[in-house]
Each structure stands twice: as structure tokens, then as C-alpha cells.
Amino acid sequence: MKNKRLLIKEANTIFLNGMFFKNPILVGALGLYPIVAAGYNLKNAVELSLLFLFISLPTSLLFCLIGEMVPLSVRPGLVLCGCALFYIPAAWLTQRIIPGSIESLGMLAGLMICNSMILSRVNDYAPTHIGIAVFADTLGCSVGFALVICLVSVIRAAWLKSGIWQTNIGIYGTGEKGISLPFFGFILLGFFAAFVQFINKKRSTKAAKRRAAK
Amino acid sequence: MTNIVGMILTALAAVTVENIIFSGGIGFSRVLRAARKPKTLGMYSAFITVFSVISSVMGYYLNRLFPESELSPILRPAALAVCIALVYILAAGILKLSVPAFYKKYGQILSPAAINTVVLSMPYVIGNYRLGLWDAVGFALGTGVSFFFATVILSRALHQCKNEDMPNAFSGLPATLIYIGILSMAFAGFTGGKIF
């Protein structure tokens, strides 16, 4: 009973780390492309978040089972194959949930296969951790990815003043509006990363004080 | 001769007005990682260039195999990724067996240089720009060069972005991201907006 509670507590910490405190986008600068290039309306953000979850969850769980059996030199290649394999049902499912999503995303959808955040979790984290940790980490990272891309999208779409669900078509939106271009995404991400760093520094100072008091 | 001139011009475009790294925002997580290790930066960029060329040539032929249909947006990316994965496995195997010392030294950067959005984006870029085979090779070469430039610029910037005078919250990655944003803004001005 005590072990079960401890396991749930650990899983909760892993989930929160993936989602916020050690968010791979804002702390590790992983998987930046979809956020800076496509995060200018909420529709794109939701579609890519769904795609991220549907690709990363099964691939992580698969490599949690077989990852350590695969030689290190071959593993990245097999991870990419796994992501490609799970991309097919993931894209089909996303298309079913939001019709026309994969066509409108174009290369952004295809490039989710080699999203560096998914690759690093599947290649490095999943093979060396137990199933529940991998599940919590993947779920946390997926929520973290969704939070960041949705927040970036809402800010950019609100700035574009034409609604937050679907502002325009094409990969980079309307060219004349700089807010939909990648550079604005990088600047926004810089501020978000600073916020997370600020919170983490506060936490570590608090923890150090608590330890000193003991 | 015309092919070679076209290839050089496309390579120049890939470095300047059609720079997929700065103007497109593609591959920055890899650029940042490469920039952190200045000693392997040249080899990292060389690997990226080689794999980009292979990917663009493969993409050129694969694009013809998958005509536009309802299923092509789902099947084509998966097929491209599997091909690149196979190329990586083959390259790793050949290097490991034929030049083990080289593989021991650079094996760690082989997989991130082979499997990334820069390499996988090549077939899409070729499709979007409707490039011929020679132009596709030129674009891949130019992208390799722009990757090298980006890593050189960032390897210097990374050190300065940890400046002690900077507010603590912005030191390190946040400052680097803002720096990349400003550089990308300059390239966006150069490109004139969207690149695809």
C-alpha cells in the first residue's frame, strides 16, 4: 500500500516535471520547430498537440519494453522507424478528430515524426525507466507541449486580431504579418523560458532554506 | 554547365533568402546542441550536409512515387522517415566496421546529425519549390553551409548569453532564444516574409 502510494507520488512528480518544471521545450530547447512555425492559431496548436500525444505515447511504451534489447548505435534509427510507424494511425486519428487537419498542416505534420522532444524521450528516457514512469513522463511532456504551443498560439492569434481558432492558411500564415513568422515565436519562447527559470530558481532557494532550517 | 550554375545559385539561395534554419525556424534544437561542442561543430555540419543531400535525392524520387491522393499526407512522411532511418543505420554500420576509430570519435554526433528536422524537411522543400535534381542537391548543400554558419554564430553567443550582468531569469537559454529570435527577424526581413 505504502509502495503504491510512493509510486503514484513519483509518477506525479515526473508528470509535473515534464509538464512545467523541466519542460523539454522551455528548459531543454527541444522540439522548437512546430511551436515557432505553426503556433500562430489555436487550431494548428490543438492538431499538433494531438499528433504529438498519439505518436509519442505508443512509441515510448514500445521502447520502454524493447529499448534495452536494441544496440545503442542502431537505436536512433529504430526509434525513427517506430515514430514513422505510429505516425500513420496518429495522423489518421487526428484527421478523424479534426477533419482536414493533416492536409492543412502539410510538412509540419510530417516533421512531427522526427520532433527532437519525442526522439529524445523515446531514445534516452523510455528504455531505462519503468512503464509507469515512461507513461507519466510522456503524458507530462505531451501536456507541456500542448500548453506551450497553445499559449504561444493564443498570444499570436490575439495579436493578429482575427480570432484565436483559425487565423489564416499556409505554413507561415500571412507573410506581411510578422507575428506569424518564426522569429516572433522564438522571442515569445525566450520569455516563457525565463519565467520557468525564475520559478525554478525560487523553488531551489526555498528548498535550500528548508534544508538549512532542518 | 547550366545544371552546375543552377545548383550553385540554389545553394546560395539556401544560405541567404531561403534559409530554412533562420527564416524557417527548422532544426534549432540541433543547432543549439552542436553549438555547445565547438570541437565537433565542423564534423556535425558535414554530417548534416551529407545526410541532407541523400535525403533530398531520395525525396526527389520518392515524391514521384507518391502522387497526390487522400492517403499521401499520411503515408509519404512515414515512408520518408523510414528511408532516412535505414540510411542512418547503414551509415553507422559501414563507419563502425570500416573506420572504427573515426566512428568512436564521431559516432555520438552521427545519429543527431542524421535524424533531425533539417534532413527530413529536404523532400518537402523540394516539393514546395518544385526543384529539379541538381537544384535539390544545391539546396541541401546550401542548407548544410547555413547550418554551419548558425552553429558558429551561436557557439559564440551561448557564452555571452550567460552574462552575469543579465537578470538571472534570462541568463542562458531564455537569452539565447531571444537572440535567435532577433537574428531570425533579420533573416525574415531578408526573405520578405514566408519562405514556403
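Guide: Helix α2(B) is mostly covered, with seven of its eight residues buried. Buried here means that 20 or more other C-beta atoms lie within 10 Å of a residue's own; 12 or fewer make it exposed, anything in between partly exposed, and C-beta atoms are placed from the backbone. Helices (H or I, at least four residues) and strands (E, at least two) are DSSP runs, numbered from the N terminus.

This is a predicted model, in which local features need pLDDT of at least 70 and side-chain atom pairs count only at pLDDT 80 or more, while totals for chains, interfaces and linings use all residues. Residues are numbered from 1 along each chain as its sequence is written, and chains are lettered from A and ligands numbered from 1 in the order in which they are written.

The buried residues of α2(B) are B:F28, B:S29, B:R30, B:V31, B:L32, B:A34 and B:A35. Within chain B they pack against α3 (41-65), α5, α6, α7 (133-160) and α8, and across the chain boundary against α7 (116-125) of chain A. Two residues are in contact if their C-beta atoms, placed from the backbone, lie within 7 Å.

Of its 196 residues, 51% count as buried. Among its contacts between residues at least 6 apart in sequence, 82% join residues at least 24 apart. The C-alpha trace of chain B spans about 55 × 45 × 40 Å along its principal axes. A compact globule of 196 residues would have a radius of gyration near 16 Å, and the 18 Å of chain B agrees with that. That radius is taken over C-alpha atoms, and the globule rule is 2.2 Å times the number of residues to the power 0.38.

Now the contact between the chains: 43 residues of chain B are in contact with 49 residues of chain A. On the chain B side, α2 (28-35), α4 (72-98), α5 (100-114), α6 (117-129) and α8 (173-191) each supply at least two residues. Of these, α4(B) gives the most, with 13 residues. By class, this side of chain B has 28 nonpolar, twelve polar and three charged residues. Ala, Val, Leu, Ile, Met, Phe, Trp, Tyr, Cys and Pro count as nonpolar, Asp, Glu, Lys and Arg as charged, and the others, Gly among them, as polar.
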